[in-house]
Amino acid sequence: MTPPAIVVLGAGALATARRIQALYSGSQVHALQGRVEADVAYAELRAHLCDLYARGTPVIALCAAGIVIRCVAPLLSNKGVEPPVLAVAEDGSAVVPLLGGLAGVNVMAREIAAALAVSPAITTSGELRFGTCVLNPPEGYALADIAQGKRFVSDLLAGESTRIEGEAPWLDDAQLPRAESARLAIRVTPRAWDGRDDELVIHPRSVVAAVSCAGARFAAHAELAPHPGSDAQTDAGACIAALVRGALDAHGLAVLSLAALLVSSERMADPAFAAAAANLNVPLRFAEPRPEDGEPPSNLLHAALRVPYQTLHDDADAGVALALSALAIDPETIGRARGRLTVIGLGPGHADLMVPAARAALNEATDILGYETYVKMAGPLRADQRVHGTDNREEMQRARHAFELAAAGRSVVMVSSGDPGVFAMAAAVLEALEEGGSTHADWRAVELAIVPGVSAAMATAAQAGAPLGHDFCMLSLSDNLKPWTIIEKRLRHAAEADLVMAFYNPISRARPWQLDKALDIVREYRAAATKVVLGRDIGRPGGTLRTITLGELRSSDVDMRTMVIVGSSTTRGFANGSNGGEWVYTPRWYE
Ligand code: SAH
C-alpha cells in the first residue's frame with residue numbers, strides 16, 4: 001500500500017498526526033505552510049487534497065469531515081482509483097472513514113481508532129452486520145466481479161444465508177449468516193466465474209504461468225494479439241499475455257487467479273516479458289532452471305516454486321506451463337525479482353523540492369545507499385528498509401555495492417543531493433557499470449534508472465530571481481578528481497565568454513586557497529560591480545541568501561555548503577519590495 005498522507009491544518013493536530021504516523025511506515029505529515037512545520041508543506045488545502053486523491057494516495061485529514069468532502073467532491077464523479085480517505089478529529093476523539101471502501105478505508109479506520117482508543121465511525125452496512133467487508137478480500141485474493149459482489153451483499157443484508165466453498169480463512173471470524181443448504185454461495189476458486197448471480201466468486205492468486213523463450217517466439221509468430229498503433233515491445237508483450245490467457249482459458253482458470261509470470265533469468269532485461277506481466281497485471285519473476293529440473297518451460301516452475309503445486313498445463317511447443325497451488329501464493333516467494341537501481345536526487349533539501357518520481361522510488365526501495373546526511377534527508381524510511389549509509393565513503397565502491405545488491409534482486413535507491421547527474425552519484429554509477437558490466441552479466445540485467453532533481457544552482461537561482469536566465473555554466477571548484485590547471489583554464493574561458501557561472505564545491509578545509517585563486521581569475525574579466533549570489537543551505541533549515549558584488553566577495557563569505565553564482569556583464573538587480581532584499585536576474589537578450 002502507498003503510505004498515507006496525514007494532513008494537518010494547524011499545530012493542534014500535530015500530536016494526533018504523529019501518533020497515526022507511527023502506524024504507517026513511510027507516511028508523512030503534510031502541514032499548511034506558515035502555520036506549522038512537519039514533513040511536507042502545502043500551500044492550499046483544497047488543491048493539495050485533490051492532488052493526493054488524484055494520485056491515489058490514501059489521505060488521513062485531521063480536520064472536519066465536511067471540509068474534506070467539499071475539497072474532493074469535484075473529483076468524485078470520475079470513477080477511477082479511489083484511495084482511502086478519512087477524517088480524524090484533531091484531538092483524536094473521532095475517526096470517520098469517508099471514501100475508499102474497496103481500498104480498505106474501514107480497515108484503516110479500525111487501525112487508527114484502535115491506536116487512539118476510540119470507536120471508528122463505520123457506516124458500511126455489510127461491514128457492520130458481518131464484521132468484515134466481504135467485498136474486500138485480503139492480499140492474495142481478488143474479487144471476480146464488483147457489481148455482482150454488491151448484489152450478493154445486498155441479498156445477504158436482505159436476510160439470505162450463504163455457503164462458503166473453498167478456503168476463505170479470513171471469513172472464519174466474520175458473522176456471516178451461514179447455512180449448508182443456502183441458495184447463495186461464496187466460492188473461493190481459481191476457476192473463472194461463469195456469470196451466475198447466486199455466487200460471489202473470489203479468486204485466490206494461486207496460479208503461476210511459466211513462459212519459455214520458445215513460447216515468446218511462438219506467440220510473436222502466431223500474432224496472438226496484434227495491437228494497431230502500439231510499439232513493438234508492447235505488441236510482443238500483448239502476444240505473450242495472450243498466450244498465457246489462452247492457456248488459462250483452456251483450463252477454465254480466471255486471469256485474476258494468476259499470481260505471477262515466470263521466465264528464465266536470462267531474459268531479465270527483455271522488455272517484452274515486462275510488457276506481458278504489465279498486460280496481465282501481475283509481477284514478473286525469474287528463475288534459473290538446473291539440469292535436473294527437466295525441460296522448459298516447466299523446469300522454471302520446478303526451480304522457482306517453494307510450495308506444493310500441480311502442473312496443469314505443460315505445452316512445450318507453445319512454451320507455456322501452468323502451476324496451480326491449493327492456496328494463494330505470495331509472489332515474493334516465487335523465484336526472484338529483477339533487481340532495480342534508481343539513482344535519485346533529493347533536491348536541495350526541503351521535501352517540496354523533491355520530484356514525485358524520487359519519492360516513489362524511495363517508497364519502493366528495499367535498500368538505500370548514500371552519504372548519511374542525504375539518507376537522513378530522504379527519510380522518514382520504513383523499518384524494513386535497509387540503509388547502507390556508512391558502509392563506505394568511496395563513491396566508486398558505493399556504486400559497485402549498489403549493483404551487487406540490485407543484482408541479487410533488491411530494489412536499491414542511491415541518493416544524491418540536488419540532481420544526481422550534477423557532480424554526484426549518477427556518473428559514478430554509470431562508470432561502475434561500464435567497468436564492471438563486461439564481467440558481471442547480472443549487473444547488466446539490473447533495471448537502472450536515473451531520476452533528476454532540483455540542483456543547488458537552480459534552487460539558489462530561483463530564490464534570488466533568475467540569475468541563470470541567460471547562458472550559464474556549472475563548474476565544480478574541487479580539484480579532487482581533476483587537475484587545478486584544468487579548472488583555471490575553464491574559469492578563464494567561461495569568464496571571457498561572459499557566461500554566468502555557478503560554482504559547486506567552492507571551498508573546503510582541504511582546499512582553502514582555490515576559491516581566492518578562482519576569483520582572481522574571474523576579476524581579470526569581470527567588473528567589481530558584477531552581481532554575485534550566495535546561497536547557503538538553500539531549502540534546508542537556517543538557509544540564507546545574500547546578494548553582493550564581485551568586488552565585495554571574500555572567500556570567508558563562502559563555505560562548502562554554499563552555492564556561488566557569479567553574474568555576467570548583463571546580470572542586474574532591483575529592490576524586492578516584499579522582503580527588503582533584491583531581485584537578481586540576467587535578461588534573456590544580449591547585445
Ligand atoms: N548534486 C548536487 C551537487 C553536489 S556538489 C546538486 O545538484 O545540487 C556539492 C555542492 O553543491 C556544495 O559544495 C554546494 O556548493 C552545493 N550545494 C548542494 N546543496 C546545496 C544547498 N542546499 N544550498 C547551497 N548549496 C548547495
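The model is predicted: local features need pLDDT of at least 70, side-chain atom pairs count only at pLDDT 80 or more, and totals for chains, interfaces and linings use all residues. Residues are numbered from 1 along each chain as its sequence is written, and side-chain values use heavy atoms, without hydrogens and water.

- Strand β1 spans residues 5–8; strands (E, at least two residues) and helices (H or I, at least four) are DSSP runs, numbered from the N terminus.
- In a regular strand, side chains alternate between the two sheet faces.
- A5 and V7 on one side of β1, and I6 and V8 on the other, are all buried (under 20% relative accessible area, 1.4 Å probe, protein chains only).
- β1 runs parallel to β4 (residues 59–62), joined by four bridges; pairing requires at least two DSSP bridges.
- V8 has L62 as its bridge partner in β4.
- Four bridges also pair β1 with β2 (residues 28–32), again parallel.
- I6 sits opposite V29 of β2.

**Ligand site**

- The ligand is surrounded by 20 residues, each with a heavy atom within 4 Å.
- The closest are V422, S455, A456, M560 and T562.
- The shell holds 10 nonpolar, six polar and four charged residues.
- A backbone N or O atom of M560 lies 2.6 Å from a ligand oxygen.
- For P348, a backbone N or O atom lies 3.3 Å from a ligand nitrogen.
- The protein covers 93% of the 540 Å² of accessible area that the ligand has on its own (Shrake-Rupley method, 1.4 Å probe).

Methods
Buried < 20%, exposed > 50% of the residue type's maximum accessible area, 1.4 Å probe, protein only. Polar contact = N/O pair within 3.5 Å; in protein donor to acceptor, adjacent residues only side chain to side chain. Nonpolar A, V, L, I, M, F, W, Y, C, P; charged D, E, K, R; others polar.
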